[in-house]
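Subject: Structure for your review

Dear colleague,

Please find the structure below.

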Amino acid sequence: MNKQNIKSILTNARLRLAAATCLILAGLALPIAGLARASEGRGGPPGPFTMTFTIPASVCGFEVQETITGKLGVISLPGGGFLVTSPATTAVFTNLSDPTRIVTINGFTGPAIVTFDQNGNTVVRGLGRGAIDDPATPGFGIRFQEGDFTLVFDPNGNLLQDTGHGLVTNVCDLID
């Protein structure tokens, strides 16, 4: 494997880690095509986006199904980071242990700015309204945040720093 392929694999792994930390689009799982465009230095207007996935029981104490619908855009930034936009996006969270326990959150306005520091850490700054979870951090849960929040993850995905100000709602509590 040549040096360029290794660099590409590491860059894509770093982007996937950042995407996983952003639940929007959070967030949580950006389409690979969007990440590829961002890593190639291109971006475009937000396009239609729908995704359903399961958040592991380690996050809330029970599995949660999340369905995200709306629009999603990924724009590369100078220096290797990227901006994730998600206008008119809605997320539906369902407690899979009791499917009658469900909450819909409208108006994910984002954006999320993802950059990488000199230590190889991923820095995720969420502005506006968005949601995030961190399966690697016990007690973190699923947080719906309104305001300005910054999270820093080491290269292994461990949360190092969690700062910001605004309103935080624990989605796990809403569907428990």
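This is a predicted model: local features need pLDDT of at least 70, side-chain atom pairs count only at pLDDT 80 or more; totals for chains, interfaces and linings use all residues.

Residues are numbered from 1 along each chain as its sequence is written, and side-chain values use heavy atoms, with hydrogens and water left out.

Strands here are DSSP runs (E, at least two residues), numbered from the N terminus. Two strands are said to pair if DSSP finds at least two bridges between them. Buried means under 20% relative accessible area (1.4 Å probe, protein chains only).

Strand β3 covers residues 82–85. Its residues Phe 82 and Val 84 point one way, Leu 83 and Thr 85 point the other way, and all are buried. Strand β2 (residues 64–76) pairs with β3 in the antiparallel sense over four bridges, and Ser 76 has Phe 82 as its bridge partner. These two strands, β2 and β3, form a hairpin with five residues between them, and Gly 79 in the turn has a positive phi of about 95 degrees. β3 also pairs with strand β6 (residues 112–116), antiparallel over three bridges; there, Ile 113 is the bridge partner of Leu 83.

In strand β4 (residues 89–95), six of the seven residues are buried. β4 pairs with β2 in the antiparallel sense over six bridges, where Val 92 is the bridge partner of Thr 67. Strand β5 (residues 102–108) pairs with β4, again antiparallel over six bridges, and Ala 91 stands opposite Ile 105. The hairpin from β4 to β5 runs through six residues.

Yours sincerely

How values were computed: Buried means under 20% relative accessible area, exposed over 50%, partly exposed in between (1.4 Å probe, protein chains only).
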